[in-house]
Amino acid sequence: MDVFDLSSQEEFSPLKPLTKRARRILTPAEDNEVSTNSVTRGEKERYPAPAEDKVSTDLVTSDEKELSSTLTGGTLNSQSVGPCNASQQREDLSELCPRIRDTTVSSKAQSDPDKQKKPVYIYSPELIQRCDAMPKIINRASKVHTLIQAYGLLNSMQVVPPRSATTEEMLGFHAEDYIQFLSLLGRQTDEEKLEEESEQYGLTYDCPINRHVYTYAALTSGASLRAAECLMEGRSQVAVNWCGGWHHAKRDMASGFCYINDIVLAILKLREKYDRVLYVDLDVHHGDGVEEAFCASTRVMTISVHKYSPGFFPGSGGLDSIGVGKGRGYTVNIPLLEGARDEEFVPLVCRVLHKAREVFSPQALVCQCGADGLSGDPMDSFSLTPTAYSRCLQFMLQWRLPTLVLGGGGYNSPNTARCWTRLTAILCGHKLSSEVPDHKFFMSYGPDFELNISPGNRKNMNSKEALRRIHNTIIENLDKLKSSSSQQQEKTQSTN
């Protein structure tokens, strides 16, 4: 199975070998055990001994043709991917196709204690309660957490309570007057007195004021900071905060349901230990707040794949937005039109990620997994399924970098819970039953009560020609960045 072969819905895990196995029909007793016990099978099954995975030249060639066809509708020429010989293409493909090399866990990696550490999962009842009360995402946090719990995934993670971000930490990015105003809201009983002033801070329709907003924002951003700290402490290689991912918040104002930019704060925290951090944004909206924070930086590369069309919020993130000053080239935008589907989304994003890793050599990774690009979301934009998110995340997990996974958008709560539960299972190295287990919000998953989501029938406005243009432009920009970086290094060495 190939990550780019989307005809198959079979999942793979970075912790398990990819081998073709005939599906065995479960007996009624076994099927009942899978439904009730979902994934808890003990450490032996979580980390199975890897099977031998031999890859022939024919297999590589086959995968290369399939990948090229998926992205371009034909064989990629040298101008679209840069000059390279056949051996280089096979080497690149081993990175692009997770069946080859990286995803197969060697016996040496199996014995490495760092590879065995369970993912960190940030959770507390107060965190869920605060997030449940926020407009636009009422009860979403509870639906996500209870579905993860119902599948038994908590047993395969380190559950770590969050902390509240300090004022000093929030001032690391946000303006002092803005933080002071948010704090003032918590002490003001008459919100009408602050309505006029609140507008200058973006606290209007998208980000309504309420007296609990400061406590909420401090806790959700503190949760992402705590997750980052766990990575820095070596507690795990992966940490997840599904209550984070608020990428629109600006330095001095709220925007797009986002009050505090927990992503920027978490990246700044990671930068205390890691010299280069790669940020990847899978939300249907452009990650404008994070991009603006680091557009002049050479130490943080931002990649955002999003819908880009007139009138669609926030209206930024064009193909020509590549950073400013010294940071020119370190900002990457993948602007798509309405109706993007898994079969275009995954190959394009993974190709860009592969090139970005080659050029930037990140030491840590932050991935925002906003689920509002799913089919059926009220944003009514893309036609993605959880498979697209799963395979993009799996592709990045191959790199075995300290990885912070965050939530974000997603306004069809049951579908968001479906998606993030699948992603959580990937982090744990488990495959889930397609039947949603019985739990508190079980009736929200009707009428089929399935974990899978249909892509729907929305018209795809992304032509193959447009996708080729986006791909080639981004690759050319990254090649230029690689060339200029090499020249700068040579100049520095000659000076020394």
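**A walk through the predicted model**

The count of salt bridges here comes to 21. A salt bridge is a side-chain nitrogen of Lys or Arg within 4 Å of a carboxyl oxygen of Asp or Glu. This is a predicted model, so local features need pLDDT of at least 70 and side-chain atom pairs count only at pLDDT 80 or more, while totals for chains, interfaces and linings use all residues. Residues are numbered from 1 along each chain as its sequence is written, and side-chain values use heavy atoms, with hydrogens and water left out.

Start with K250. Its side chain meets that of D288 in a salt bridge, at 3.3 Å from N to O. The two partners come from distant parts of the chain, 38 residues apart. K250 sits in the loop between β3 (238-241) and α14 (262-270), and D288 sits in helix α15 (residues 288-294). Helices (H or I, at least four residues) and strands (E, at least two) are DSSP runs, numbered from the N terminus.

Are these two partners buried or exposed? Buried means under 20% relative accessible area, exposed means over 50%, and partly exposed lies in between (1.4 Å probe, protein chains only). K250 is buried, at 17%. D288 is buried too, at 4%.

K250 also forms a salt bridge with E292, at 3.6 Å from N to O. E292 lies in helix α15 and K250 in the loop between β3 and α14, so this pair ties together parts that are 42 residues apart in sequence. E292 counts as partly exposed, with 48% relative accessibility.

Now look at a salt bridge within one helix. The side chains of K355 and E358 meet at 3.2 Å, N to O. Both residues belong to helix α16 (residues 342-360). They are three residues apart, so about one helical turn separates them. K355 is buried, with a relative accessible area of 11%. E358 is partly exposed, at 32%. Elsewhere, salt bridges that share partners join R163, E169, R226, E229, E233, K269 and E272 into one network.

K269 leads us to helix α14, where it is one of the buried residues. Eight of the nine residues of α14 are buried, so this helix is largely enclosed by the rest of the structure. Among the others buried there are D262, I263, V264 and L265.

Next comes the sheet. It is open and has eight strands, in the order β2-β1-β3-β8-β7-β4-β5-β6, with parallel pairing. Two strands pair if DSSP finds at least two bridges between them. Which strands stand at the edges? They are β2 (158-160) and β6 (331-336). Each has a single partner strand, so one side of each is left without a neighbour in the sheet. From one strand to the next, the twist averages 15°. Axes are lines fitted to C-alpha atoms, for helices over the stretch in contact, and angles run from 0 to 180 degrees between N-to-C directions.

Strand β4 (residues 277-281) pairs with β7 in the parallel sense over five bridges. There, V280 stands opposite C367 in β7. Strand β5 (residues 300-307) runs parallel to β6, and six bridges join them. T302 stands opposite T331 in β6.

How many residues of β6 are buried? Six of the six are, so β6 is largely enclosed by the rest of the structure. In a regular strand the side chains alternate between the two faces of the sheet. Both faces of β6 are covered. On one side, T331, N333 and P335 are buried, and on the other, V332, I334 and L336 are.

Now follow the chain out of β7. D372 lies in the loop between β7 (364-368) and α17 (386-397). D372 is buried yet has no salt bridge. R140, the nearest side chain of opposite charge, is 7.3 Å away. For charge, Lys and Arg count as positive and Asp and Glu as negative, while His and the chain ends are not counted.

What does the side chain of D372 join in a polar contact? The side chain of H285 is its partner, at 3.1 Å. A polar atom of the D372 side chain also lies 3.0 Å from the backbone nitrogen of V284. A polar contact is a pair of N or O atoms within 3.5 Å; within protein, one must be able to donate a hydrogen and the other to accept it, and residues adjacent in sequence count only if both atoms are side-chain atoms.

L374 is in the loop between β7 and α17 as well. L374 is buried, at 2% relative accessible area.
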